[in-house]
Amino acid sequence: HCKGGKGRTGVFVAAWLLYSSFSPDARDALQWFATARTGEGAKAFQGVKQPSQQRYVGYVQAILMNQGYSCPRMTMTALLLKGAPRPRRDGCVPWFVVEVDGVVVYDHSKQQKDLGTMTPKMDELLIVCGKDVPLEGDVRIMIYDRDPKQDMLLCYFWFHTGFIEPSEVPDSVVFPKMEVDMACHDQRCRVFPSTFEVQLRVSKPTKCGPESFRRIILPSEGLEERCRRMRAAFTQPGQGDPSIPGGAEQHFRGIAQRFEKSNSYDPNVTTLLRRQSMSSIRFDPDAAAAAADGK
């Protein structure tokens, strides 16, 4: 279902590069895919550019490190917009929709008839939910602008509750402009100012016991070894792999050379993966079991 062979395809390929141990981390996997996907005559790298898609590649790295993941529950009570979007001169009338695992669980336009206006002079606008919104697993927040003719989608973003990190703002999850889909591409700040960010007011995630931890099937040693040899064949002189056809090896050596020359295909990658502090989201089954037993 990928239209251009960059975003959704890139997420899948990058996830495979991580799983097979071809790439050591998410940034390397994203950059390798972008290098391979981009033609030599292209003016810009053709890689995974949506922040949410990059975020989920970071999740894959965390899942492999922890050999699984959990789905804690939390409750959303409000959404705070900082830095007024300007789709029109007079600002916007924002409202939002919350989806959990692809199902709409909250539509603010149906819960609140009187929607607040955010003028360009306003620093922030707090939109309180009409009810507590339960969040668990994959969550998408879509922010719209109410228009008499037709409502317009302003921006959106995806995240997973199992990878939420403590924020500097108590009981909030913060998404700066560069981590919000659509808004991040407004580099000239025509609609979204540089100070734009979205804060979700949420309860603390529920603690997950060992029974809720979802373990993954780890790659076989044979797969990991083959992919390491393949990477070495492409990047290290004299480390050829006889199982790789000569034409393919020469092609990927060219990709590897371009890969080494490019530090980063997208400045967003460093910013996004900075938030994936793997030490803060590690799951310790033994500690959880001890806590469940009251030790």
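Start by selecting Asp101, which sits in the loop between β3 (94-100) and β4 (103-107). Those strand names come from DSSP runs, numbered from the N terminus: a strand is a run of E with at least two residues, and a helix is a run of H or I with at least four. Before you go on, know that this is a predicted model: local features need pLDDT of at least 70, side-chain atom pairs count only at pLDDT 80 or more, and totals for chains, interfaces and linings use all residues. Residues are numbered from 1 along each chain as its sequence is written, and side-chain values use heavy atoms, with hydrogens and water left out.

Back to Asp101: its phi is positive, about 55 degrees, although Asp101 is not a glycine. Is Asp101 buried or exposed? It counts as exposed because its relative accessibility is 53%. (Buried is under 20% relative accessible area, exposed is over 50%, and partly exposed is in between, using a 1.4 Å probe and protein chains only.)

Next, jump to Cys189, in the loop between β8 and β9. Here too phi is positive, near 55 degrees, in a residue other than glycine. Cys189 has 26% relative accessibility, so it counts as partly exposed.

Stay in that loop, between β8 (172-176) and β9 (197-202), and pick Asp186. Asp186 is buried but has no salt bridge; Lys177, the nearest side chain of opposite charge, is 4.4 Å away. A salt bridge needs a side-chain nitrogen of Lys or Arg within 4 Å of a carboxyl oxygen of Asp or Glu. (Lys and Arg count as positive, Asp and Glu as negative; His and the chain ends are not counted.)

Now colour the open sheet of four strands, ordered β5-β2-β9-β8 with antiparallel pairing. Its edge strands, each pairing on one side only, are β5 (124-136) and β8. Pairing takes at least two DSSP bridges between two strands. Inside the sheet, six bridges join β2 (residues 73-82) to β9. To see one of them, select Leu80 and its bridge partner in β9, Gln199.

Last stop: the largest nonpolar core, with 37 residues. Such a core is a set of buried Ala, Val, Leu, Ile, Met, Phe, Trp, Tyr and Cys residues joined through side-chain atoms within 4.5 Å. Among the residues with the most contacts inside this core are Met76, Ile141 and Leu200. Which strand gives the most to this core? That's β5, with five residues. A second, separate core has 15 residues, including Leu18 and Phe234.
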